[in-house]
Amino acid sequence: MIAPRILCVRFSAIGDCVMAAYAVTALRETFPDAELAWAIEDTCEPLVDTNQLVNKVFVTDRAEWRKARGSLKTISATYRAMIKVRTFRPQIGFDFQGHLKTAICLRLSGARTRLSWGATDSVSRNFNRLVPPSPESIHMVEKHFGLINSWKPCERPQFPLIPKVKSAIGTGHVSIQTGSGGL
């Protein structure tokens, strides 16, 4: 079997990108020779392990989007950033976010098969095939696994492949998460 070219799209939310990393890790472990790429916003890009997890990262500039969302210049720059993903030539793409921007990015990628477990608007509902999560999938990690397993069975890893974090001791930066954003 020829190794697949897989595109994963999750632009933002640091914690949600870590949750998506479990599914991407499962893809890497199931298909070690696959060409894996991740489309992500610049603020979350440091979470993507380019040594073990993915071969390529496509970074979009969140600050530019936020400056002037509706301007022709911003729309043009956003389109150019997203169309770069097309150079990867993915065969399969997973939208782990289900938003307008991620749905458009996945559609523009040219992936023959495009899957998402959710959609926040009519565009994302129409651009990618929706694979509704099972009723038991209340956690984001489970929803992501349901999505990738709808394509090919993958085993869930104990931990995601993410870059090693340097010690935060003495930096004045600490982050503690004691709950979830929702079910």
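Buried means under 20% relative accessible area, exposed over 50% and partly exposed in between, with a 1.4 Å probe and protein chains only. The legends below use these classes for a predicted model, in which local features need pLDDT of at least 70, side-chain atom pairs count only at pLDDT 80 or more, and totals for chains, interfaces and linings use all residues. Residues are numbered from 1 along each chain as its sequence is written, and side-chain values use heavy atoms, with hydrogens and water left out.

**View 1. Overall fold of the protein chain.**
The protein chain has six helices and six strands; helices (H or I, at least four residues) and strands (E, at least two) are DSSP runs numbered from the N terminus. From the N terminus on, the order of elements is β-α-β-β-α-α-β-α-β-α-β-α. Of the 183 residues, 41% are buried. Contact means heavy atoms within 4.5 Å. Among contacts between residues at least 6 apart in sequence, 56% join residues at least 24 apart.

T60 is found in β3, which spans residues 56–60. Is T60 buried or exposed? With a relative accessible area of 5%, T60 is buried. Leaving aside neighbours within four places in sequence, T60 is in contact with F11, I40, E41, D42, W65 and A81. D42 lies in the loop between β2 (35–41) and β3 and is partly exposed, at a relative accessible area of 31%. D42 and F11 are 31 residues apart along the chain, and their C-alpha atoms are separated by 8.4 Å.

**View 2. Crossing of helices α3 and α4.**
The axes of α3 (residues 72–83) and α4 (residues 100–108) come within 9 Å and cross at roughly 50°. That makes α3 oblique to α4, given that angles under 35 degrees count as roughly parallel, over 145 as roughly antiparallel, 65 to 115 as roughly perpendicular and the rest as oblique. Axes are lines fitted to C-alpha atoms, for helices over the stretch in contact, and angles run from 0 to 180 degrees between N-to-C directions. The crossing of α3 past α4 is right-handed, that is, the near helix is turned clockwise from the far one by less than a right angle. On the α3 side the contact is made by Y79, M82 and I83, and on the α4 side by K101, I104, C105 and L108. By class, the contact has six nonpolar, no polar and one charged residues.

**View 3. Buried side of helix α6.**
Which residues of α6 (residues 140–149) are buried? They are V141, K143, H144, F145, L147 and I148. These buried residues pack against α1 (14–30), β4 (92–95) and β5 (113–116).

The structure holds four aromatic pairs; rings of Phe, Tyr and Trp (its six-membered ring) pair if their centres lie within 6.5 Å, and planes under 30 degrees apart count as stacked, over 60 as edge-to-face and the rest as tilted. The ring centres of F94 and F96 are 6.0 Å apart with planes at 20°, so this pair is stacked. F94 is buried at 0% relative accessibility, and F96 is buried with a relative accessible area of 0%. For F94 and W151 the centres are 5.9 Å apart and the planes are at 70°, so this pair is edge-to-face. The F94 and W151 pair links distant parts of the chain, with F94 in β4 and W151 in the segment after α6, 57 residues apart. W151 counts as partly exposed, at 22% relative accessibility. F31, F94, F96 and W151 form one aromatic cluster.

Note on methods. Ala, Val, Leu, Ile, Met, Phe, Trp, Tyr, Cys and Pro count as nonpolar, Asp, Glu, Lys and Arg as charged, and the others, Gly among them, as polar.
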